[in-house]
Amino acid sequence: MTPIEATKKVKAQKPEENYLVIRLGYSDKLVFPYSQGMQVITALNHAEILKDPYTEVTRISPLSKGAFEVYPMSREDYVLTKTANLLDISVEELQGQMKNAKETA
């Protein structure tokens, strides 16, 4: 599959809008279409943390403001990342292949 074919396939699968990334913890990031991500943010405003350690008392506490981070992701970045994943290459490799394809066209 060529990078151009892979890009067309990715673009056909998702709505044409920007995305919202919600980072939970150190490295876990959730990606949503923007409108759905806003619904998750609304729900998180009502969330609490359940702490259930093995040897201690179970507690429910408020969700701290630093528990998650939210930032936008452009549709272009989303498509680029998904296309690179589909081709099992890095985003940088894909960008190089796309540049070479444009130069030879």
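Hi everyone. Let's begin with helix 2, whose buried residues pack against strand 1 (19–24), strand 2 (28–33) and strand 5 (68–73). One thing to keep in mind as you look: this is a predicted model.

So which residues of helix 2 are buried? Helix 2 covers residues 34–44, and the buried ones are G37, I41 and L44. If you look down the axis of helix 2, these buried residues fall within an arc of 60°, so they line one face of the helix.

Now please turn to helix 1. Here P3, A6, T7 and V10 are the buried residues. Around the axis they cover an arc of only 100°, which puts them on the same side of helix 1. And what sits on the face turned away from that buried side? That face of helix 1 carries K8 and A12, which are exposed.

What covers the buried residues of helix 1? The cover includes helix 3 and helix 4. Let's take these two partners in turn.

Helix 3 comes up first. Helix 1 (residues 3–13) packs with helix 3 (residues 75–87) at an angle of about 120°, and their axes are 9 Å apart. That angle makes helix 1 oblique to helix 3. As for handedness, helix 1 and helix 3 make a right-handed crossing. On the helix 1 side, the contact is made by P3, A6, T7, K9, V10 and K11. Helix 3 brings R75, V79, K82, T83, L86 and L87. Sorted by class, this contact of helix 1 with helix 3 has six nonpolar, two polar and four charged residues.

On to helix 4, residues 91–104. Helix 1 and helix 4 pack at an angle of about 115°, with 10 Å between their axes. P3, I4 and T7 of helix 1 make this contact with L94, Q97 and M98 of helix 4. How many charged residues does the contact of helix 1 with helix 4 have? None: by class there are four nonpolar and two polar residues, and no charged ones.

Is R59 buried or exposed? Its relative accessibility is 55%, so R59 counts as exposed. Leaving aside neighbours within four places in sequence, R59 is in contact with I49, L50 and K51. E69 is ten residues from R59 along the chain, and the C-alpha atoms of the two are separated by 23 Å.

How values were computed. Residues numbered from 1 in each chain as written. Predicted model: local features only at pLDDT ≥ 70, side-chain atom pairs only at ≥ 80, totals over all residues. Heavy atoms only, no water. Axes fitted to C-alpha atoms, helices over the stretch in contact; angles between N-to-C directions. Helix = DSSP H or I, 4+ residues; strand = E, 2+ residues; numbered from the N terminus. Parallel < 35°, antiparallel > 145°, perpendicular 65-115°, else oblique. Left-handed = near helix turned anticlockwise from the far one by under 90°. Contact = heavy atoms within 4.5 Å. Nonpolar A, V, L, I, M, F, W, Y, C, P; charged D, E, K, R; others polar. Buried < 20%, exposed > 50% of the residue type's maximum accessible area, 1.4 Å probe, protein only. Arc of directions from axis to C-beta.
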